[in-house]
Amino acid sequence: MLAMLSGKVMPADLYTFGVADRQTNKSLMLISINCTSSHKMQRALQKEINKLGLRFSPDDWLQSVYEAHPWLIQHLGTNAGLRMMKIESEIMANAMAKYMEETGSVALCIHDAMRVETRYADVAVYCMLSAWREYWHGADEATVSGNGVVTALGVKYNGWNLTL
């Protein structure tokens with residue numbers, strides 16, 4: 001979502017870069033986007049780096065983030081994680097409303113997913129992709145074909161297989 005907010009295309013793998021392995025980068029990234037200030041971020045990063053026994057500084061890691069994803073730096077230490085959760089909840093509320101409208105059935109929302117009756121799985125995907133598209137682009141361009149294949153955002157969904 002931060003890529004979308006920055007007007008960038010999400011890289012194939014956001015977490016493979018710089019001085020650390022993928023899992024460490026992911027952990028440090030989540031810490032960084034959830035801190036409320038640059039100072040708190042530096043302290044939290046140092047604590048995690050020490051805990052993991054790594055041999056680089058928060059500044060070394062931040063420099064590697066900047067080199068790989070310069071657009072991302074502006075979001076670190078700004079509590080961006082909380083803002084992204086709000087966006088996600090708005091999208092999911094819209095998706096659930098669409099789902100109830102389409103099926104007359106209720107879905108159980110679990111974080112960024114919906115639990116629905118199997119027979120309505122394609123409708124749920126349509127509603128989620130449609131709500132995502134409306135949030136980011138202001139238009140609903142998702143369609144469901146007669147054979148149950150959902151197409152939205154250039155993604156085709158047929159059963160449980162997503163293909164680009």
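Which residues do ring pairs link into a cluster? Keep that question in mind while you move through this predicted model, and return to it at the last stop.

If you then switch to a surface view, you are looking at an accessible area of about 9,800 Å², of which carbon and sulfur atoms hold 55%, while 38% of the 164 residues are buried.

Select Phe 17 and Trp 61, whose rings form a tilted pair with 6.3 Å from centre to centre and 40° between the planes. Phe 17 sits in the loop between α1 (2-5) and α2 (22-34) and Trp 61 in helix α4 (residues 58-68), so this pair ties together parts that are 44 residues apart in sequence. Both Phe 17 and Trp 61 are buried.

Next, select Tyr 99 and Tyr 120, an edge-to-face pair with centres 6.1 Å apart and planes at 85°. Tyr 99 belongs to helix α5 (residues 80-103), whereas Tyr 120 lies in the loop between β2 (113-115) and α6 (121-137), 21 residues apart. Tyr 99 counts as buried because its relative accessibility is 0%, and Tyr 120, with a relative accessible area of 18%, is buried as well.

Finally, select Trp 132, Tyr 135 and Trp 136, which answer the opening question: ring pairs link these residues into a cluster.

Terms used
Residues numbered from 1 in each chain as written. Predicted model: local features only at pLDDT ≥ 70, side-chain atom pairs only at ≥ 80, totals over all residues. Heavy atoms only, no water. Buried < 20%, exposed > 50% of the residue type's maximum accessible area, 1.4 Å probe, protein only. Areas by Shrake-Rupley, 256 points an atom, 1.4 Å probe, with all protein chains shown as cover. Phe/Tyr/Trp six-rings, centres within 6.5 Å; stacked < 30°, edge-to-face > 60°. Helix = DSSP H or I, 4+ residues; strand = E, 2+ residues; numbered from the N terminus.
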